[in-house]
Amino acid sequence: MNIFRLAGDVSHLVAIIILLLKIWRSKSCAGISGKSQVLFAIVFTTRYLDLFTVYISAYNTVMKVVFLALSYATVYLIYMRFRNTYDSENDTFRVEFLLVPVTGLSFLENYAFTPMEILWTFSIFLEAVAIMPQLFMITKTGEAESITTHYLFFLGLYRALYIANWVWRYHTEGFFDQIAVVSGVVQTIFYCDFFYLYVTKVLRGRGKMTLPMPV
């Protein structure tokens, strides 16, 4: 394992922990898109169906279990434990606009037309767009708490580091996963504007990141 993948996994884990701590400590999930968190739970579920059938390493198995557990814990806190604080009025992104094309694409573009491969491909494509309900929610409300933006920053950093990981593996191993790379690049593009606002506003000490209100 190279340093880019390890740093990417750590950034991903930090992002999820930041979100969970934010919800637990404030006892509120205000400003957090429950729809994005459900999509991420679906991503991990469909990607790690081989958890009990394929063993790669202890690290791989532990990370799969951790990501599954944390993703479902987040969904539980939003929709069960602190459901009274969930801002459903602003979490209105139509997830079917993501699920339908992602499902269709996973049947058309995959490495093998088998249930496991199609579901793995589905998880890769879905992860690329799963953050859209959260970004849509922030755009709709016009602002985001700094802790939420920290979560998004580390999530975006995870994708950027994985791009570096793929570049490294291509040059050292000759490995190239077209589906994962293209999806990862698309996902990273979604974060570009956010990264700029994060650096220019959040890191300069403002409590919230204010965005232009949608027309």
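Predicted model: local features only at pLDDT ≥ 70, side-chain atom pairs only at ≥ 80, totals over all residues.

Biologist: Got it. How many helices and strands are there in the chain?

Modeller: The chain has 8 helices and 2 strands. These are DSSP runs numbered from the N terminus, helices being H or I with at least four residues and strands E with at least two. Going from the N terminus, the order is α-α-α-α-α-α-β-α-α-β.

Biologist: And what share of the residues count as buried?

Modeller: Of the 215 residues, 45% do. Buried means under 20% relative accessible area, exposed means over 50%, and partly exposed is in between, using a 1.4 Å probe and protein chains only.

Biologist: Let's do helix packing. At what angle do helix 2 and helix 5 pack?

Modeller: Helix 2 (residues 34–47) and helix 5 (residues 115–129) pack at about 150°, and their axes are 8 Å apart. That makes helix 2 roughly antiparallel to helix 5. The axes are lines fitted to C-alpha atoms, for helices over the stretch in contact, and angles run from 0 to 180 degrees between N-to-C directions. Under 35 degrees counts as roughly parallel, over 145 as roughly antiparallel, 65 to 115 as roughly perpendicular, and the rest as oblique.

Biologist: Is that crossing left-handed or right-handed?

Modeller: Helix 2 and helix 5 cross in a left-handed way. The term left-handed applies if the near helix is turned anticlockwise from the far one by less than a right angle, and right-handed if clockwise.

Biologist: Which residues make that contact?

Modeller: Helix 2 brings L39, F40, I42, V43, T46 and R47, and helix 5 brings L119, W120, F122, S123, I124, L126 and E127. They divide into 9 nonpolar, 2 polar and 2 charged. Nonpolar covers Ala, Val, Leu, Ile, Met, Phe, Trp, Tyr, Cys and Pro, charged covers Asp, Glu, Lys and Arg, and the others, Gly among them, are polar.

Biologist: How does helix 2 pack with helix 3?

Modeller: Helix 3 spans residues 58–81, and the pair packs at about 155° with axes 9 Å apart. That makes helix 2 roughly antiparallel to helix 3, and the crossing is left-handed. On the helix 2 side, the meeting residues include V38, A41 and F44, and on the helix 3 side they include L68, V75 and I78. This contact has 9 nonpolar, 5 polar and 1 charged.

Biologist: And helix 4 with helix 5?

Modeller: Helix 4 (residues 96–108) packs with helix 5 at about 140°, axes 9 Å apart, which makes helix 4 oblique to helix 5. Helix 4 passes helix 5 in a right-handed crossing. Residues in the contact include L98, L99 and V102 of helix 4 and F122, F125 and L126 of helix 5.

Biologist: New topic. Is P133 buried or exposed?

Modeller: P133 lies in helix 6 and is buried, with a relative accessible area of 0%.

Biologist: Which other residues of helix 6 are buried?

Modeller: Helix 6 covers residues 132–141, and besides P133 its buried residues are Q134, L135, M137 and I138.

Biologist: Last one: where is K27, and what is its phi?

Modeller: K27 is in the loop between helix 1 and helix 2, and its phi is near 55°, a positive value in a residue other than glycine. Most residues other than glycine have a negative phi. K27 counts as partly exposed, at 48% relative accessibility.

Key: Residues numbered from 1 in each chain as written. Heavy atoms only, no water. Contact = heavy atoms within 4.5 Å.
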